[in-house]
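This briefing covers helix packing and selected residues in one protein model. Please read it alongside the sequence and the coordinates.

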Amino acid sequence: MLNVLFQQISSLWLIPFAYVIVGEIAYSLIEGLSMGGSIQGWWNAMRMWLYVKTSSFLFSLIDGILGIFGHTNSPFSLTSKVIEDDAAKRYEKEIMEFGTSSPYFTILATIALLNLFCVLLTLKDLVKGVFAGEKMALQVLLCGVLVLINIPIYQAIFIRKDKGKMSICVSIKSTTLTFTTCIFFKLFN
């Protein structure tokens, strides 16, 4: 199945995949710039698109499945939308805000950390000479792009000290989930 989704670099079937991906990226960038946006704004919009699809759609799917079985109990609560001065400054600098403790952020941080660990383990294999280059090159490229997209999450977990950083609770949960997943993968693989 992976051979169908991720073609080898030498395969001619890579051309349609590359054409669609490059075309979509170029079109969205041109569209964003023509509307008066910046490259940083476009890049953040691409990140947000990925984050929304990854987190909220997963919770919507789970809620829909539970609703079919009559167990839906999704609470809806109004939250304050008052913006502090620090948050407004970060918004103007186009810095992403992760200050609340939310299950959405736990999912995003866990997936981002999994991607980071996969890239680091692949680099370790590359240094050792164990890396299967031709067969795994596109998977590594995709994982590397996901690591680049998730840089604000890594900064929010490890580097930032402001109120917009990832909460300690979310950081601990996501790190624990990531390590547990890696350990289970190592045990069963």
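The model is predicted: local features need pLDDT of at least 70, side-chain atom pairs count only at pLDDT 80 or more, and totals for chains, interfaces and linings use all residues. Residues are numbered from 1 along each chain as its sequence is written, and side-chain values use heavy atoms, with hydrogens and water left out.

**Overall fold**

- The protein chain holds eight helices and zero strands, where helices (H or I, at least four residues) and strands (E, at least two) are DSSP runs numbered from the N terminus.
- Along the sequence the pattern is α-α-α-α-α-α-α-α.
- Of the 189 residues in the protein chain, 23% are buried (under 20% relative accessible area, with exposed over 50% and partly exposed in between; 1.4 Å probe, protein chains only).
- Among contacts in the protein chain with a separation of 6 or more, 77% join residues 24 or more positions apart; contact means heavy atoms within 4.5 Å.

**Helix 5 with helix 7**

- Helix 5 and helix 7 (residues 151-159) pack at about 100°, their axes 10 Å apart, and are therefore roughly perpendicular to each other.
- Axes are lines fitted to C-alpha atoms, for helices over the stretch in contact, and angles run from 0 to 180 degrees between N-to-C directions.
- Helix 5 contributes L108, A109, A112, L113, N115 and L116, which meet I153, Y154, I157 and F158 of helix 7.
- By class, this contact of helix 5 with helix 7 has nine nonpolar, one polar and no charged residues (Ala, Val, Leu, Ile, Met, Phe, Trp, Tyr, Cys and Pro count as nonpolar, Asp, Glu, Lys and Arg as charged, and the others, Gly among them, as polar).

**Helix 5 with helix 8**

- The axes of helix 5 (residues 103-128) and helix 8 (residues 168-188) come within 8 Å and cross at roughly 45°, which makes helix 5 oblique to helix 8.
- The crossing of helix 5 and helix 8 is right-handed: a crossing is right-handed if the near helix is turned clockwise from the far one by less than a right angle, and left-handed if anticlockwise.
- On helix 5, F105, T106, A109, T110, L113, L114 and F117 meet V170, K173, S174, T175, L177, T178, F179, T181 and C182 of helix 8.
- The contact of helix 5 with helix 8 divides into nine nonpolar, six polar and one charged residues.

- Helix 2 (residues 14-34) has 21 residues and reaches 30 Å from its first C-alpha to its last, close to the expected 30 Å, which is 1.5 Å times one less than its number of residues.
- E24, I25, S28, L29 and L33 of helix 2 make the contact with I39, W42 and M46 of helix 3.
- The contact of helix 2 with helix 3 has six nonpolar, one polar and one charged residues.

**Two residues of helix 3**

- R47 is in helix 3 and, at 7% relative accessibility, counts as buried.
- Leaving aside neighbours within four places in sequence, R47 is in contact with Q40, M96, L148, I149, I151 and P152.
- V52 also lies in helix 3 and counts as partly exposed at 36% relative accessibility.
- The C-alpha atoms of V52 and Y104 are separated by 8.9 Å, with the two residues 52 apart along the chain.

Methods: Parallel < 35°, antiparallel > 145°, perpendicular 65-115°, else oblique.
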